[in-house]
Amino acid sequence: MVKRRVRTCRVLRRGAAGTAGVLALAIAGCSGGGGQPATPQPTASSFLADWSHQDWAGMRQLTASPPADFTAVNQAAFASLGVTAASFSTGPMRQAGDTAQQAVTEHLTLGTLGQINIKTTIDLINRGGRWLLRWFPSTIAPQLRAGDKLEVRTSWPDRAPILGAGGAPLTTQAPVVVVGLEGSRVKNPKSLTAALVAAGATKTQVTTALAEAKANPTFFEPVFTVSQARYQQIKPAIYPLPGTVFQHVQQRTAITPGLVAGVVGTTGPITAQELGQLGSPYDAESVIGQTGLEGVAEHQLAGTPAARVVAVSGSGTTVATVASIPPRPGTPVTTTIDPAAQRAAEAALASDTALGNRTAALVAVNASTGAVLAAADVNAGGFDVAFQGAYPPGSAFKVITSAALLARGLTPSSAASCPPTATVQGEVFRNAEGEGKVSDLLHAFAESCNTAFIGLATKHLTPAGLLASARMFRLGVDTHMGLAAYAGSVPPPVDEADLAATSIGQGRVLVSPLQAAMIAAAVDAGVTRAPRLVAGSPDDTARAARCPRRWWPAFAR
C-alpha cells in the first residue's frame, strides 16, 4: 500500500481588516503533494493593505521579530504628519532564495496640505515556509533611523490682498502692538477687565480672552490690537497689570481706522479655541484673520503653506528632508469700497461734534449699481453698526409706506392733512416738529408728517399691503454680499395702533444703516437692488427689481 504524504497548515486568526490578506497567504502557503511553494507577494500585499488602514496590529503579525515599539513608532509617524489617507504603489518583487525585496511608493495625504510621496523598500524573509516582513524604522522612510521621528514644518506664503474699487489696496503693513493675556499671570480679572475696556477693548473681547486664558494658562490670548502710537498712550495704564502680555509685530492692517473696525477687519495671533476649530496646517504660532473680511475669507486669503517633512534625531537635529509640498498662495478678495469715499465718510463722522458719545454710522452706495462705496461708524464699541446694527428707521420708513399707498391707487396729489396729533386705539402720536402745511401726499412726504401718514395708512392700507411694500425694498430679505448684514424686521401689525406705528418706522420695525442707504438708492435709481460688496458673492450678480412705474416718478421728482 502506498502511503500519501499529507501537508497540514495552521491559519492564524486575525481581525476583519486583515482577513482577506491572511486567506490569500494561507492559500498561497499551503499546498499538498506537488503544490507550488509559498511566495512573498501575498504577505507584502497584506502588509501594505494593513498599513493603508493604520492597522498596526495586523502589520505586527506580518513582521518577523517586531521590536517592542513597533506600534508606537508607526502610529507616531502617521500622527506627526497628520495623515488623513494613505495608499501604496509597488514595483516588481525581487526574490533571492529565502529573502525578497520590493520597491514601494507611499502616497500620503496630509490633510489640507496635500499629498507627499515617499519612496521606500520593504524587505521580506521566509521563516519556515512563511514569508514575513523584516521591518526597520527605515521602512517608513529611508532616512529614518532608530530613535528618529518625522516632523512637518510649514512656511506660509504672503497673505493675499483685500482690494477696493479699481483694484486699490485696502491693507498695508504697519507696526502694531497686540495686547493679550497669559492666564497663569492673571491676578485680578475684575480690575484687569476695567483697565482694558478703558484702554479701548470691548468687554466681550476681554471676557473671551480671560475665558480662553483660564482654559489655556500658558497660551498668549490676544485681546485687541493697537497702533504703536496708541500703545504709547495706554501703556502706563495696562503694562503694569499682572497678566497682560504684549507682542510688537509688523502686521497687516487696513488703510483707515473705519476699515479696521468694519469691512476689512483685523489679523492677529491664533487663539487656542481658533486653533481647535481650524486644525492643521495651523499651529500655535499662526497669525489669522480675526474680524471682517480678514476673518470671513481666512482660507481664501491665507492659501496653504509650503510643507517640508523632515527626519529629526532624538536630540532634535534635522537629519534629512523626506518630502516637500509647494505652497498654494491665497487669492485676493475684491470689494466695491472706494478708498476716497471711505475716508470722506470717516472724516464726516469724526467732525460731527453734535454726536458726542452717541453711536452713529454712515453707509454710501452707488445707486445705479448697488455697490457699497463706504461704511463707517463711531462709538460702536467694536460692533459693525453699519451692516449689523438694528435700529428703528423712523421717517426713512415713510418711503415704504408711500410706495404702499401709491400701490393702492393714491397719487402724489391725494388729499392729506397734518394735525398736531393722531389718536389710534387710544395711542397718541405726535409730529416731531408740530403741525406742518400739508394738503396732499406729496407735501406730507416732503414735510415728513407723522400724523398725515398715520391717517393715510390706517385708512387705506392693510398689514399685508405694508409688508409687501417692505419686502419689495428687501427688508427682511437675507443679504449675501460677502459679509454678514442684518436683514431687517417688519413684523406684521397686530392691530390698527401697531399699523400706525409701523407706517412711520416706529413700533417694532428695525433696519440697518446699510438698508436705509439701499432704500434711498432705490428711490434715486427706480430699482431695488441687493447691496454689492465682495466680488463673486451671491448678491454680486443678483438681479435688480424695477420699481412700479405708478409710484417711482413721484419720488424721483
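Analyst: Let's start with a charged pair: Glu294 and Arg159 form a salt bridge, with their closest N and O atoms 2.9 Å apart. Keep in mind that this is a predicted model.

User: Where do Glu294 and Arg159 sit in the chain?

Analyst: Glu294 is in helix H11, residues 292–296, while Arg159 is in the loop between S5 and S6. They are 135 residues apart, so the pair links distant parts of the chain.

User: Why would two side chains like that pair up?

Analyst: Side chains can pair if they carry opposite charge and their charged atoms come close.

User: Is Glu294 buried or exposed?

Analyst: Glu294 has a relative accessible area of 1%, so it is buried. Arg159 has 21% relative accessibility, so it counts as partly exposed; the cut-off for buried is under 20%.

User: Which other residue forms a salt bridge with Glu294?

Analyst: Arg252 does, and there the closest N and O atoms are 2.8 Å apart. This pair also links distant parts of the chain: Arg252 belongs to strand S9 and Glu294 to helix H11, 42 residues apart. Arg252 counts as buried because its relative accessibility is 10%.

User: Which residues are linked in that network of salt bridges?

Analyst: The network links Arg159, Arg252, Glu294 and Glu298.

User: And how many salt bridges does a search of the whole structure find?

Analyst: Eight. Another one is between Arg508 and Asp498, where the closest N and O atoms are 2.6 Å apart.

User: OK, switching to rings. How many aromatic pairs are there?

Analyst: The count comes to seven aromatic pairs. Take Trp156 and Tyr282: their ring centres are 4.9 Å apart and their planes are at 35 degrees, so this pair is tilted.

User: Why does 35 degrees make it tilted?

Analyst: Planes under 30 degrees apart count as stacked and those over 60 as edge-to-face, so 35 degrees lands in the tilted group.

User: Where are Trp156 and Tyr282 in the chain?

Analyst: Both are in loops. Trp156 is in the one between strand S5 (149–155) and strand S6 (162–163), and Tyr282 is in the one between helix H10 (272–278) and strand S11 (287–289). They are 126 residues apart. Trp156 counts as partly exposed at 27% relative accessibility, whereas Tyr282 counts as buried at 8%.

User: Which residues do ring pairs link into a cluster?

Analyst: Phe47, Trp51 and Phe88. There's also a charge over a ring: the charged end of Lys235 sits over the ring of Tyr239, 5.2 Å from the ring centre.

User: New topic: which residues of helix H18 are buried?

Analyst: Leu466, Ser469 and Ala470 are buried in H18, which spans residues 463–472. These three cover an arc of only 100 degrees around the axis, which means that they are on the same side of H18. Ala464 and Arg471, on the other side of H18, are exposed.

User: What do the buried residues of H18 pack against?

Analyst: Helix H15 (398–407) and helix H19 (496–503). Just after H18, Arg474 has a positive phi of about 70 degrees.

User: Last one: what does the side chain of Asn126 reach?

Analyst: The side chain of Asn126 reaches the backbone nitrogen of Arg130, at 3.2 Å. Asn126 is in strand S3 (residues 115–127) and counts as buried at 19% relative accessibility. If you leave aside its neighbours within four places in sequence, Asn126 is in contact with Asp98 and Trp131.

Technical notes:
Residues numbered from 1 in each chain as written. Predicted model: local features only at pLDDT ≥ 70, side-chain atom pairs only at ≥ 80, totals over all residues. Heavy atoms only, no water. Buried < 20%, exposed > 50% of the residue type's maximum accessible area, 1.4 Å probe, protein only. Helix = DSSP H or I, 4+ residues; strand = E, 2+ residues; numbered from the N terminus. Arc of directions from axis to C-beta. Contact = heavy atoms within 4.5 Å. Phe/Tyr/Trp six-rings, centres within 6.5 Å; stacked < 30°, edge-to-face > 60°. Lys NZ or Arg CZ within 6 Å of the ring centre and 35° of its normal. Salt bridge = Lys/Arg side-chain N within 4 Å of Asp/Glu carboxyl O. Polar contact = N/O pair within 3.5 Å; in protein donor to acceptor, adjacent residues only side chain to side chain.
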